[in-house]
Amino acid sequence: MKALVLYDSVFGNTEKVARTIHEELQNVGQSNLKNADTFRVSDLNQMDLLVVGSPTRAFTMTPKMKTLLKGLPKEKLTGIRYLAFDSRANLEQVNNKFLTFMVGRFGYAAEKISKILEKKGSKKAGDFEAFYVKESEGPLMDGELEKAKRWIKRSVS
């Protein structure tokens with residue numbers, strides 16, 4: 001299996017998750033790791049799996065990731081399976097009714113990533129996943145990198 005892990009990161013938390021996923025994928029095949037700044041459409045050539053991650057910012061992915069994904073040519077994603085993930089604050093710990101309402105109405109980055117990739121012709125390889133950060137900037141909560149390893153193993157097995 002050839003995989004590409006594509007991510008954007010603001011405070012480094014999503015990058016840590018992406019690197020962990022990339023390392024796990026190297027155990028079952030080939031994996032490349034690209035951030036949104038270094039990605040080129042040609043990176044998708046001969047890929048079997050695309051894993052895309054972004055922090056949730058204002059109830060969606062980063063503007064850079066959104067622009068990148070919306071600009072992908074549909075023919076490049078046909079036949080490539082995808083997985084999506086995001087990093088976000090844990091609503092249970094934040095305990096803010098207004099924020100809970102807003103998230104319920106507008107969602108998270110992983111959902112939006114999935115919708116764009118589906119429209120572009122890619123098919124889901126598994127459910128999207130959330131990785132939690134402390135506060136709004138992180139660091140990642142304890143156990144999140146281990147959760148990333150379990151998620152990717154379960155999704156590609």
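Colleague: Which residue is the bridge partner of Arg88 in S6?
Modeller: In this predicted model, Arg88 has Tyr132 as its bridge partner in S6. Strand S4, which covers residues 81–89, and strand S6, which covers residues 129–133, pair in the parallel sense over five bridges.

Colleague: What else does S4 pair with, and over how many bridges?
Modeller: Seven bridges join S4 to strand S3, residues 49–55, and these two run parallel, while two bridges join S4 to strand S5, residues 123–124, again in parallel. Tyr82 in S4 stands opposite Leu50, and in S5 the bridge partner of Tyr82 is Lys124.

Colleague: And is S4 largely enclosed or open?
Modeller: Seven of its nine residues are buried, so strand S4 is largely enclosed by the rest of the structure.

Colleague: Changing topic, where does Ser155 lie, and is it buried or exposed?
Modeller: Ser155 lies in helix H7, which spans residues 144–156, and it counts as buried because its relative accessibility is 12%, where the cut-off for buried is under 20%.

Colleague: What does Ser155 reach or contact?
Modeller: The side chain of Ser155 reaches the backbone oxygen of Trp151 at 2.8 Å, and, if we leave aside neighbours within four places in sequence, Ser155 is in contact with Leu83 and Ala125.

Colleague: What about Lys16, which helix is that in?
Modeller: Lys16 belongs to helix H1, residues 13–26, and with a relative accessible area of 47% Lys16 is partly exposed. Not counting residues up to four places away in sequence, Lys16 touches Leu140 and Leu145.

Colleague: How far apart in space are Lys16 and Val28?
Modeller: They are 19 Å apart from C-alpha to C-alpha, and twelve residues apart in sequence.

Notes. Residues are numbered from 1 along each chain as its sequence is written. This is a predicted model: local features need pLDDT of at least 70, side-chain atom pairs count only at pLDDT 80 or more; totals for chains, interfaces and linings use all residues. Side-chain values use heavy atoms; hydrogens and water are left out. Helices (H or I, at least four residues) and strands (E, at least two) are DSSP runs, numbered from the N terminus. Buried means under 20% relative accessible area, exposed over 50%, partly exposed in between (1.4 Å probe, protein chains only). A polar contact is a pair of N or O atoms within 3.5 Å; within protein, one must be able to donate a hydrogen and the other to accept it, and residues adjacent in sequence count only if both atoms are side-chain atoms. Contact means heavy atoms within 4.5 Å. Two strands pair if DSSP finds at least two bridges between them.
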